[in-house]
Amino acid sequence: MAEPTERPFSPATTAVTAGRPPHEPDQPLNTPLTMASTYVATGDLEYGRYGNPTWAAFEEALGALEGGRCLTFSSGLATVATVLDLVGQGATVVAPRHSYNGTVMQLADLETRGRLTVGLVDVTDTSAVVEACADAALVWLESPTNPALELADIETIARAAHDAGAYVVVDNTFATPLRQRPLTMGADLVVHSATKYLSGHGDTMLGALVTSDDQLYDVLKGRRDMVGAIPGTLESWLALRGLRTLHLRLDRAESNAQALVERLRGHAAVSEVRYPGFGGIVAVVLAGAEAGDRLVRSTYLWVHATSLGGVESTFERRRRWKSEPATIPDGLVRLSVGVEDVDDLWADLSQALDGLA
């Protein structure tokens, strides 16, 4: 076999090639499922809670894309809980007021129980976030935020947080490492709901984190080993298979989203379109809750569902969840644009919007 070139691979090539078995005779092209809870003693694995070759392949691939070392978990929220466990008793966590609902709920629960103090901020107000960092032990960021699609100045906030001695975590689920690599922008940790874009087919639940800090990695792996929030082997295999086509799926979803944004901005039923300029997530603000609910009941191609990042187009009115912040408009509908033909998507969406105008 020829030696690899010194030229670094592009992210698209890395997504396809990282985490594969060596190119040797009779080796499989894909890492196989290793269904094992117990291993022969005195090796590196010992027990199924400590590691698995199938997890390791996904971790190698995502770590290469993000630029660090990866750990996988049973879900995105298991990842969030493990990271929040780093925060000392009574310490302060700064987070966006429009973070992923599950993250906000975990923070609220921990604050209610006296475990920590939470400072919710508008991430678009960089000076206010920088000021809030002064007392923080952990600064949690999303960019874009879910579902408001706001952008944060990650580099400026990370510098301020580090000056205050705080860790910086960025939820990179929406952007993916193909559009943004927070570790290169000053973040200490990147987290993902790998259920979404990374796996991309709505058939698995998985969480992941990536860090370039070896000491932090060891602490977090120790927490995973002890608590047992480990990923399933099949889930890891499915996520890795999905990751292989991330660049293709994201490019198509983004192209579709950009085309739909232009058309949505001209529709009489839409009072506001929110789009960060990249990725496949769009939000539209309609006249109110009734209009949003009517929209999601009036399509045949778009699916009313709460998850996102799959090959299929889904949408939902976010304030149907009582835990969604009151600062999210009642009529905001989050659209996860899939990879279908864009004209088919628009025909379905526009006929539903026409019924509201």
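In the predicted model, the twelve residues of helix 4 should span 16 Å at 1.5 Å a residue, and the end C-alpha atoms of this helix are 16 Å apart, which agrees; the expected span of a helix is taken as 1.5 Å times one less than its number of residues. Helices (H or I, at least four residues) and strands (E, at least two) are DSSP runs, numbered from the N terminus. Residues are numbered from 1 along each chain as its sequence is written. Because the model is predicted, local features need pLDDT of at least 70 and side-chain atom pairs count only at pLDDT 80 or more, whereas totals for chains, interfaces and linings use all residues, and side-chain values use heavy atoms, with hydrogens and water left out.

The buried residues of helix 4 are Asn101, Gly102, Thr103, Val104, Gln106, Leu107 and Leu110, where buried means under 20% relative accessible area, exposed means over 50%, and partly exposed lies in between (1.4 Å probe, protein chains only). An α-helix has 3.6 residues a turn, so residues three or four places apart point the same way. The buried residues of helix 4 pack against helix 3, strand 2 (92-96), strand 3 (117-121) and strand 4 (136-142), with contact meaning heavy atoms within 4.5 Å. After helix 4 comes Gly114, which has a positive phi near 75 degrees.

The largest pocket holds about 510 Å³ of space. Among the 29 residues that line it, Leu77, Tyr100, Gly102, Asn146 and Lys196 are the closest to its centre, and the elements that give two or more residues to this lining are helix 3 (76-84), helix 4 (101-112) and strand 6. On a 1 Å grid over the protein atoms alone, a pocket is an open set of points with protein on both sides within 12 Å along at least five of seven lines, a cavity is a set of points where a 1.4 Å probe fits but cannot get out, and lining residues have an atom within 4 Å of a point. Grid points are joined across faces, edges and corners, and the volume is the space filled by probe spheres set on the points. The lining of the largest pocket divides into ten nonpolar, 14 polar and five charged residues; Ala, Val, Leu, Ile, Met, Phe, Trp, Tyr, Cys and Pro count as nonpolar, Asp, Glu, Lys and Arg as charged, and the others, Gly among them, as polar.

Strand 6 (residues 189-193) is largely enclosed by the rest of the structure, because five of its five residues are buried. Leu189, Val191 and Ser193 point one way from this strand, while Val190 and His192 point the other way. Strand 6 runs parallel to strand 5 (residues 167-171), to which three bridges join it, and it pairs in the antiparallel sense with strand 7 (residues 207-211) over four bridges; two strands pair if DSSP finds at least two bridges between them. Val191 stands opposite Asp171 and has Leu209 as its bridge partner in strand 7. In the loop between strand 6 and strand 7 lies Thr204, which counts as buried at 7% relative accessibility. Leaving aside neighbours within four places in sequence, Thr204 is in contact with Thr195, Ser199, Glu235, Leu238 and Ala239.

A further sheet is open and has five strands in the order 8-9-12-11-10, with mixed pairing. Its edge strands are strand 8 and strand 10 (303-304), each of which pairs on one side only. Within this sheet, strand 9 (residues 281-285) is largely enclosed, since five of its five residues are buried: Ile281, Ala283 and Val285 lie on one side, and Val282 and Val284 on the other. Three bridges join strand 9 to strand 8 (residues 272-274) in the antiparallel sense, and five join it, also antiparallel, to strand 12 (residues 332-336). Ala283 is the bridge partner of Arg274 and is itself partnered in strand 12 by Arg334.

Some backbone features fall in loops. The peptide bond from Ser143 to Pro144 is cis, with omega near 5 degrees, and another cis bond, with omega about 10 degrees, joins Asn146 and Pro147; Pro144 is found in the loop between strand 4 and helix 6 (154-163), where Pro147 also lies. Asp26, although not a glycine, has a positive phi of about 70 degrees and is exposed, with a relative accessible area of 82%. Thr176, also not a glycine, has a positive phi of about 65 degrees, but this residue is buried, with a relative accessible area of 0%.
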